[in-house]
Amino acid sequence: MTPLSFFWISILVSVVGALASILVRNSDSTAIRAASGAGIVASAAGLVSGLSALSGPAAVIDLAGPYPFAHFVLRVDPLAGLMISVISLLSLVAWIYGLAYMREYEGRGVGGMGFFMHIFIASMMLVVAADNAFWFLIFFEMMSLASYFLVIFDQNDEAVSAGFLYFFVAHAGSVLIMAAFFLMANAAGSFDFAAFRETSLSPTTASIVFLLGFLGFGAKAGMIPLHIWLPRAHPAAPSHASALMSGVMIKIGVFGIIKVGLDLLGGQELLWWGVVVLAFGAVSSVLGVIYALAEHDIKKLLAYHSVENIGIILLGVGVGMIGIAMNNPTLAVLGLMAGLYHLLNHAVFKGLLFLGAGSVIYRTHTKDMEAMGGLAKAMPWTALSFLIGALAISAIPPLNGFVSEWYTYQALFAGALEGSFLVRFATPIAAVMLALTGALAVMCFVKAYGVIFSGPARSENARNATEAPHSMVAGMAILAAACVLLGLLAPLVAPVMGNIASATLGVPAVMFADGATLMPGEGARTVLSTPLIAVLLIALAMLPLVIHGINARMRATRRHTEAAWATGYLPDVHMALTAKSFAQPIRMFFAPLYAVRKTVSTVWACLTRGYERFVCFARRNEPWADNRFVNPIASGVGVAGRRFQVIQGGDFRIYCLYIVGALVALLIVAAS
Amino acid sequence: MPTLSHFLLAVVQALALFAVAPLISGLSRFERAKMHTRRGPSIFQDYRDIYKLLRRQDLAPGEAGRIFQFMPVVMLATLMVIATGLPMLTRFTPISAVGDLITVVYLFALIRFFFSLSGLDSGSSFAGIGASRELTMGVLVEPIMMLALFVAALLAGSTNLGEIGIAISSGTVHSAAATLLAAGAFAFALYIELGKLPYDMAEAEQELQEGPLTEYSGPSLALVKWGLALKQTLVVGWFIGVFLPFGSATEMSFFGLIGGLIAFVIKLFVIFGVIAVIENSVARARFRLTPQHSWLGVGAASLAFVFYLVGL
């Protein structure tokens, strides 16, 4: 029972930490220490719990709970174990980072921030472990609420309006999820996921359930076109909270899609479900990165990249569903494994990039990349970590992002080789979309790194910046190391991911690694070896280094002169390349796609405006109804009462007369 | 894992290509000069340029950072890693763990990442614009490359470059039209990647490929020039290995390798001749017009995909 006992420890410590940070909220530094200390212990326990559940058979515990209709059941299976590990790893790093970072918020209610962070993390852990639809929804709502309070933490107009949008979309999503669960509960006669798994629905009902769940969880995951809240809500939250939201919370959406599509409805998949997931994934990945390129707010840029990476994860999940529908377990495991691997990788590098952005913002006090520049010299460790994260997210070998994208390509390729016409048509197109995404991501992160860390400093704060505090650097270093290790040690990681995928699907395991080589299944005719590539890169780098060094004695030493060449003029800060001008060719070439965004946001603006108008209407009509119905009735009753007061004259002789009158009337009635 | 002989072949292949790359770029300059009816430089001119630069002082702008400093090394190392994975003298890939089409495409992306970033890292606005354009070209080219190779891989049943070459040379691909179109689209994409007219002028400063190099000097510039020469050779070798593997060694034998080497040199010579002809018969196209051209590549690759689907 190791997974479950450590799970409980983690939850309890989180709750204690939440209460503690509220209790000592009057002293900011104590609150930070209490929250972070408890957080580090809780996430360490969570990490143990998650990692020990990876190989496991599922650990289930059934606590009856207060409601007879919904037992409080927890089930930590390998998939939940993966999610718990990801949540715990990211929150561990976020807490370490927060030790210094939260000081930025001193005097603005850090205690509350610690409270909501703890509740947020604990409810995410409970969501992935809950095995009952009712409790799942409760924790899902808790997670949305806690993160809502983190989004509006800054209390400025932008944060509050972003928070409102987030609140709106999150609840629209919850309603769809609820509808999906109720449909299943109706057929199963119970809210237990175990009962859902046993029940088979008619294909139409199953499709409706799937679509409801897919759209509901898709809104949480931020896939296009339900992404609209994401680039506004994530940047508004404090950076370590945005690392958790982008790194982990949107993965709960993907987890939900896997849960509904492959676990609860397991075995009932229809082919077109997978193709729908694939289509949404491909569109999200390309549009996400294209919109990211046009951003110059660093956190918005990263948030759009989350949309892109959710798309890439969905490509893998889509192939997994296609594989199950086609009765091809090898393909299904390959696809799901690629998706899960990318889920883990994205959590790590996106967390890292958000923390890097947070460090830069901590020093420059702006989110606008145009006001940064030249920070690599002042913040070398932040720059190095950010560079590793940028390389990983651009899927550059031999880092982790490349390994999972390679498996995604292989899954798409395997799908294209066999299958019906629809699948053979859809998968290569998805692969090309992925290639386009990759090229655009490279461009985007060259821009992000270049504009933030290279060139001249473009503001006073950027000129005076110094390296981030130790605990923030430590947090980034952990994740940077994870990026490298998850790439180089892929031959060890891939089989674990494969086991999680095959355990989730309930099919036999597939071979993904042999020695130091990676392969997509047993009979595959292609291999990859990230350790070998790394060794070759280092070994072959010696040759140019030696050539560069041969004549070093004979020539003058390296010199850094004053300024770059600027056609003979004195270089000026305003000449430096900006984020906007860097992406100009892409904005020109892909103008139609940006027009789509304008249309989408107009539609959303219409919806929001419609909603506001509805609220106004309700507000206007509330007094109207009062005036027309409630007030007339109320005043009518008053008037009638006053009329009747006449008979209540106060003279007791008249009262006696009433009594005699009533008696006579009764006698007449009784006689007749 | 590769056997020792495969590993040796890979290392020898990478080092040999590294050694002759300036010769091949010199050859390309020589062929071009002949077409202009100029005498032109000797084919060894690029070695002399590199040697001269290696003796000069390394100068960098004050704002240039570490990435600017280390890019030449990263570029050359990555190019040589790619060279260990491409099937050139042999049908099969010397190190198959590198010779996957996705791996090779993303290793080129690694080069592009650092190459462009060095432009930004130099602190020069001109280099930055060069970097932006270089990356934009990557965005236009990579999808064409991927679709064309993907179609070829689907026909061969494997994403390993050697396997694709083997399938094409043995005639087991059952769709000749699709293969030809994919080859055409891939050649077009690689041509853009080469950095020749009408899409780029590799020799001109402030153009795309040399754009990010504005601030390089001395030994660093020598290494980057060497790297660009090696990149052009590899790009052509990539095409030969996948779509024109005829004459290369099917097994690891001494005479097979010699035969493969001779065939490879002849193919390289012919292809650079064709490139020189194209280069000399067109004018520089405006950068903004490139997407209109690249749609042609997308179209050809898509058509190849359609032909594959219907099995023509």
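The following questions and answers concern a predicted model and the contact between its chains A and B.

Residues are numbered from 1 along each chain as its sequence is written, while chains are lettered from A and ligands numbered from 1 in the order in which they are written. In this predicted model, local features need pLDDT of at least 70 and side-chain atom pairs count only at pLDDT 80 or more, whereas totals for chains, interfaces and linings use all residues.

Reader: Which helix of chain B gives the most to the side that touches chain A?

Author: Two residues are in contact if their C-beta atoms, placed from the backbone, lie within 7 Å. The contact takes 71 residues from chain A and 71 residues from chain B. Elements that each supply at least two residues on the chain B side include β1 (59–60), α3 (66–85) and α8 (218–243); helices (H or I, at least four residues) and strands (E, at least two) are DSSP runs, numbered from the N terminus. The most, 17 residues, comes from α5(B).

Reader: In β1(B), which residue is the bridge partner of R559(A)?

Author: Two strands pair if DSSP finds at least two bridges between them. Strand β5 (residues 559–560) of chain A and β1(B) are joined by two bridges and run parallel. The partner of R559(A) in β1(B) is L59(B).

Reader: How far apart do the C-alpha centres of domain 1 and domain 2 of chain A lie?

Author: Domain bounds come from an automatic or database domain assignment. For chain A, that assignment gives domain 1 as 269–546 and domain 2 as 591–671. Between their C-alpha centres the distance is 60 Å.

Reader: What separation lies between the C-alpha atoms of V310(B) and S158(B)?

Author: V310(B) and S158(B) are 152 residues apart along the chain. Their C-alpha atoms are separated by 19 Å.
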